[in-house]
Amino acid sequence: EGADILMVKPGLPYLDVIKDLTTKIPMPWAVYEVSGEYAAIELMAEQNLINRERAHLEAWTAFFRAGANMIITYGARNAREWMAK
């Protein structure tokens, strides 16, 4: 009632829910990439198991493909630089 933005949290485990909600409820949808999701990528990158930038970008792309209009993430401070590459 009166919400400007609706949010799904956490994001990655609920990509299917995001997809369903965005098709059924035509509102702006935000996804919150919780600290555990962000930290998992950071930890794997520290162990040289994945490429940090590409892994974050892939997660964010999955959110948008599922229907999110915006992402709230701890990686926001790096997003512009990583997306420009």
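Q: Leaving aside its neighbours within four places in sequence, which residues is Glu 37 in contact with?
A: They are Pro 10, Gly 11, Leu 12, Pro 13 and Tyr 32, where contact means heavy atoms within 4.5 Å. This is a predicted model, in which local features need pLDDT of at least 70 and side-chain atom pairs count only at pLDDT 80 or more, while totals for chains, interfaces and linings use all residues. Residues are numbered from 1 along each chain as its sequence is written, and side-chain values use heavy atoms, with hydrogens and water left out.

Q: What does the side chain of Glu 37 reach, and at what distances?
A: It reaches the backbone nitrogen of Leu 12 at 2.5 Å and that of Val 34 at 2.7 Å. A polar contact is a pair of N or O atoms within 3.5 Å, one able to donate a hydrogen and the other to accept it within protein; therefore both pairs qualify by distance.

Q: Where in the chain pattern is Glu 37 found?
A: Glu 37 is found in helix α2 (residues 35–46), and the protein chain follows the pattern β-α-β-α-α-β-α along the sequence. Helices are DSSP runs (H or I) of at least four residues, and strands (E) of at least two.
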